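Welcome, and thank you for taking a look at this protein with us. Please have the sequence and the 3D view open side by side, and we will walk through them together.

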Amino acid sequence: MMQGNIYSMRETFGRLLADLGDKNKDLIVITADVGDSTRALYFREKFKDRYFNIGISEQDMVNFAAGLAAVGKKPAIVNFGMFLMRAWEQIRNSIARMNLDVKMFVTHTGYSDHGDGSSHQVLEDIALMRVLPNMKVIVPADPKDIERSLPVIINEERGPLYYRIGREYSPPITVGQEYEFKIGKAYVIKDGSDLAIIGAGVVLWDALKAAEELEKLGISVAVINLFSIKPIDESTIEYYARKTGKIITIEEHSIYGGIGSAVAEVTARRYPVHIRFVGATTFGRSARSQRDLLDYYNINYKTIIREAIELLK
């Protein structure tokens, strides 16, 4: 799972999912011809009778999962994020509307499928999922967050849930942090008083890097891991809105309808403050690495620093 100082998100997820299958006899994994790429293959190797490859037919995959949930099984859809969006109508009508216990685990999100270009890079999925009633949306920051959250989601959580991870790139953001995952809870990974940076996923590395550089300028920065996008931790967001008066959000997703929008909705209701959004505003492109794309689209610590200095003038 380790690649230099970078952990693989999908390797951590795939191996842990297979381990969880030992004690969860009703856990069934379903994919649409991407079992190898998503690392669902580890579950297939251990539980061939509880693994189904539906083929490239995501709508059928979702309806099949809904049928399994309706008779008491625990279906886990494992697919590329971009291609699961083909089945949004079925997710809405067959899963969310019926409030069925179907977990959707998606890999290769954001820019992580860097080589295949914009057709494979989903930057709209958080917006599409969080708008659905009954749907929960979870975005781990790194493999350690996957280890914290996946057992809870499989063993304890009920109802529709969308779980978003990338491919390989993932700096160890939360290693050494002492917290347990809870649905609806955000986590402070660095405290501060002048500015709050709120985000989720691998771009929290950039949030921490920006905070480190801003501290050298005498600016005290809090960094919040918004692990649970929906339900969202309104209390923590309000607390830091009141404490700092200024928020920057960062996400590997469109700023329209994503994490920035979710945070702004909370502050608009509970305590309005100045907010700047760092995220995608257009489609992606092909590149040699995910990091190259984050830098190309200015979703990085340099942009946060620039926005912070403007915000604090």
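## Two domains side by side

The centres of domain 1 and domain 2, taken over C-alpha atoms, are 26 Å apart. Please keep in mind as you look around that this is a predicted model. In the domain assignment of the chain, domain 1 covers 7–162 and domain 2 covers 185–310.

How many residues of domain 1 are in contact with domain 2? There are 29 of them, and they meet 34 residues of domain 2. The size of an interface is often given as the accessible area lost when the parts come together. Here domain 1 and domain 2 bury about 2300 Å² between them, and carbon and sulfur atoms account for 59% of that area.

## The nonpolar cores

The largest nonpolar core has 57 residues, and the members that touch the most others are L17, F105, L150, Y163 and I299. Both domains contribute to this core: at least three residues come from each of domain 1 (7–162) and domain 2 (185–310). Another core lies apart from it, with 47 residues that include A65, A196, I232 and Y240.

Leaving aside residues up to four places away in sequence, I299 touches Y111, V203, D206, I250, E251, V278, G279, A280, R291 and L294.

## A seven-stranded sheet

Next, find the open sheet of seven strands, which runs in the order β4-β3-β5-β6-β8-β7-β12 with mixed pairing. Strands β4 (51–53) and β12 are at the edges with a single partner strand each, so one side of each has no neighbour in the sheet. From one strand to the next, the twist averages 20 degrees.

Strands of a sheet pair through backbone hydrogen bonds, either parallel or antiparallel. In which sense do β5 and β6 pair? Strand β5 (residues 74–80) and β6 are parallel, with five bridges between them. V78 has F105 in β6 as its bridge partner, and F105 is also one of the residues that touch the most other members of the largest core.

Helix α4 (residues 58–70) lies across β3 (27–31), β4 and β5, and runs at about 165 degrees to β5. Helix α8 (residues 143–155) packs on the sheet and touches β3, β5, β6, β7 (136–138) and β8 (161–164), with its direction at about 160 degrees to that of β8.

## Strand β10 and helix α10

Now move to β10 (195–199). Five of the five residues of this strand are buried, so β10 is largely enclosed by the rest of the structure. L195, I197 and G199 point one way from the strand, while A196 and I198 point the other way. β10 and β11 pair in the parallel sense over five bridges, and A196 stands opposite A222 in β11.

Which residues of α10 are buried? They are T236, I237, E238, Y240, A241 and T244. Their cover includes β9 (187–190), β10, β11 (221–225), β13 (246–254) and α11 (259–270). Just after α10 comes G245, which takes a positive phi of about 75 degrees.

Most residues other than glycine have a negative phi, and most peptide bonds are trans. A few places in this chain are worth a look with that in mind.

H108 is not a glycine, yet has a positive phi of about 60 degrees. It sits in the loop between β6 (103–107) and α7 (125–130). N298 also has a positive phi of about 60 degrees without being a glycine, and lies in the loop between α12 (290–296) and α13 (301–311). Are these residues buried or exposed? H108 is buried, with a relative accessible area of 3%, whereas N298 is partly exposed at 41%.

The peptide bond joining K230 and P231 is cis, with omega about 0 degrees. P231 belongs to the loop between β12 (228–230) and α10 (234–244).

## A last stop at S118

The loop between β6 and α7 also holds S118. This residue is partly exposed, with a relative accessible area of 34%. Not counting residues up to four places away in sequence, S118 touches F283, G284 and R285.

Note on methods. Residues are numbered from 1 along each chain as its sequence is written. This is a predicted model: local features need pLDDT of at least 70, side-chain atom pairs count only at pLDDT 80 or more; totals for chains, interfaces and linings use all residues. Side-chain values use heavy atoms; hydrogens and water are left out. A nonpolar core is a set of buried Ala, Val, Leu, Ile, Met, Phe, Trp, Tyr and Cys residues joined through side-chain atoms within 4.5 Å. Buried means under 20% relative accessible area, exposed over 50%, partly exposed in between (1.4 Å probe, protein chains only). Domain bounds come from an automatic or database domain assignment. Contact means heavy atoms within 4.5 Å. Helices (H or I, at least four residues) and strands (E, at least two) are DSSP runs, numbered from the N terminus. Two strands pair if DSSP finds at least two bridges between them. Axes are lines fitted to C-alpha atoms, for helices over the stretch in contact, and angles run from 0 to 180 degrees between N-to-C directions. Buried area is the accessible area (1.4 Å probe) that two parts lose on being put together, summed over both.
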